[in-house]
Amino acid sequence: MRFLRAAVFGVVIALVMAACAQQPASPQRVNWEGNIAYYTKRYPEAVTKFELSLALAEKNGDKQYAAIAMLGLARSYAQL
C-alpha cells in the first residue's frame, strides 16, 4: 500500500512539474530573470531579458510591466 501511494505521489509531482515547464514566459518572470542578471553584473544578458519582458508586456497590453521593463533596460544600458 505504501509503495502504491509513493508511486502515485511521484506521478503527480512529475505531471505538475511538466505542466509548469510548458507554461509560456510571462513579462513578470522574464523581468525577474533580468533583475537577477543585472544584480550579478551580467548586463548584456539583463538587456536581453528586459527587452523580452518589454515585448511580452506590450503584446499583453500590460503598461505597468512595460514601464518596469523600460526601467530595467535603462539601468542595464547605463552599466554597459
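Apart from neighbours within four places in sequence, Gln-79 is in contact (heavy atoms within 4.5 Å) with Tyr-38 and Tyr-43. The structure is a predicted model, in which local features need pLDDT of at least 70 and side-chain atom pairs count only at pLDDT 80 or more, while totals for chains, interfaces and linings use all residues. Residues are numbered from 1 along each chain as its sequence is written, and side-chain values use heavy atoms, with hydrogens and water left out.

Gln-79 is part of helix α4. Its relative accessibility is 42%, so Gln-79 counts as partly exposed; buried means under 20% relative accessible area, exposed over 50%, and partly exposed in between, with a 1.4 Å probe and protein chains only. The C-alpha atoms of Gln-79 and Pro-44 are 9.4 Å apart in space, although 35 residues separate the two in sequence.

The protein contains four helices and zero strands, assigned as DSSP runs (helices H or I, at least four residues; strands E, at least two) and numbered from the N terminus. The pattern along the sequence is α-α-α-α. Of the 80 residues, 24% are buried. Among contacts with a separation of 6 or more, 52% are between residues 24 or more positions apart. The accessible surface, from the Shrake-Rupley method with a 1.4 Å probe, comes to about 5900 Å², and carbon and sulfur atoms account for 65% of that surface.

Helix α2 has 13 residues (residues 27-39) and should span 18 Å at 1.5 Å a residue, which agrees with the 18 Å between its end C-alpha atoms; the expected span is 1.5 Å times one less than the number of residues. Pro-27, Val-30, Asn-31, Gly-34, Ala-37 and Tyr-38 are the buried residues of α2. They cover an arc of only 115 degrees around the axis and therefore lie on the same side of α2, the arc being taken from the directions from the helix axis to the C-beta atoms. Their cover includes α3 (43-60) and α4 (63-79). Lys-41, which follows α2, has a positive phi near 65 degrees.

The largest nonpolar core has eleven residues, among them Ala-37, Tyr-38, Tyr-43, Phe-50, Ala-57 and Leu-73. Such a core is a set of buried Ala, Val, Leu, Ile, Met, Phe, Trp, Tyr and Cys residues joined through side-chain atoms within 4.5 Å. Two or more residues of this core come from each of α2, α3 and α4, and α3 gives the most, with six residues. Outside the four places on either side in sequence, Ala-57 is in contact with Pro-27, Asp-62, Tyr-65 and Ala-66.
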